[in-house]
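Here's a quick walk through one protein model. Have a look at it first, then read on.

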Amino acid sequence: MYIRQRNDTLKVNDFKYFIVDTDCGGDDSQALIVADYFARTTNKTLLGITCCNGNAFIADVATNVLIVQAVCGSNYPVYLGNDYSMGG
């Protein structure tokens with residue numbers, strides 16, 4: 001198993017699978033579109049999208065993710081996380 005060191009630079013060829021963890025406000029919606037494009041145009045696999053409370057409430061985050069997926073024509077698994085901040 002490889003554990004990244006602090007000074008390591010992660011390169012695109014270093015991974016095959018990735019997930020997106022989002023609180024899907026406007027900025028994350030755009031990033032999700034880019035992640036979908038990245039998965040479609042490379043040999044990388046987007047395994048799923050996890051939603052968390054943050055810029056929007058968790059129900060709105062999930063709705064936003066599903067709207068972005070509909071616009072992109074994608075169908076990645078979507079997982080709901082906590083509806084509150086674990087950090088306090």
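## Overall layout

How many helices and strands make up the secondary structure of the protein chain? There are two helices and three strands, and they run β-α-β-α-β along the sequence. Helices here are DSSP runs of H or I with at least four residues, strands are E runs of at least two, and both are numbered from the N terminus.

A word on the ground rules: this is a predicted model, where local features need pLDDT of at least 70, side-chain atom pairs count only at pLDDT 80 or more, and totals for chains, interfaces and linings use all residues. Residues are numbered from 1 along each chain as its sequence is written, and side-chain values use heavy atoms, with hydrogens and water left out.

## Surface and contacts

The protein chain has 88 residues, and 30% of them count as buried. Buried means under 20% relative accessible area, exposed means over 50%, and partly exposed sits in between (1.4 Å probe, protein chains only). The chain exposes about 6,300 Å², with carbon and sulfur atoms supplying 56% of that; the areas come from the Shrake-Rupley method with a 1.4 Å probe, and for residues only the protein chains shown count as cover.

Now for contacts, meaning heavy atoms within 4.5 Å. Take those in the protein chain with a separation of 6 or more: 72% come from residues 24 or more positions apart.

## The salt bridge

Searching the whole structure turns up one salt bridge, that is, a side-chain nitrogen of Lys or Arg within 4 Å of a carboxyl oxygen of Asp or Glu. The partners are Arg40 and Asp36, and their closest N and O atoms are 2.8 Å apart. Because they're four residues apart in helix α1 (residues 26-41), about one helical turn separates Arg40 and Asp36.

Arg40 is partly exposed at 47% relative accessibility, whereas Asp36 is buried at 5%.

## Gln69 in helix α2

Gln69 belongs to helix α2 (residues 58-72). Gln69 is buried, with a relative accessibility of 4%. Leaving out residues up to four places away in sequence, Gln69 touches Ile49, Ser74, Asn75, Tyr76 and Val78.

## The cysteines

The whole structure has zero disulfides, a disulfide being a pair of cysteine sulfur atoms within 2.5 Å. For Cys24, the nearest cysteine sulfur is that of Cys51, 7.1 Å away. Cys24 is buried, at 0% relative accessible area.

Cys52 also has Cys51 as its closest cysteine sulfur, but at 7.7 Å that's too far for a bond. Cys52 is partly exposed, with a relative accessible area of 24%.
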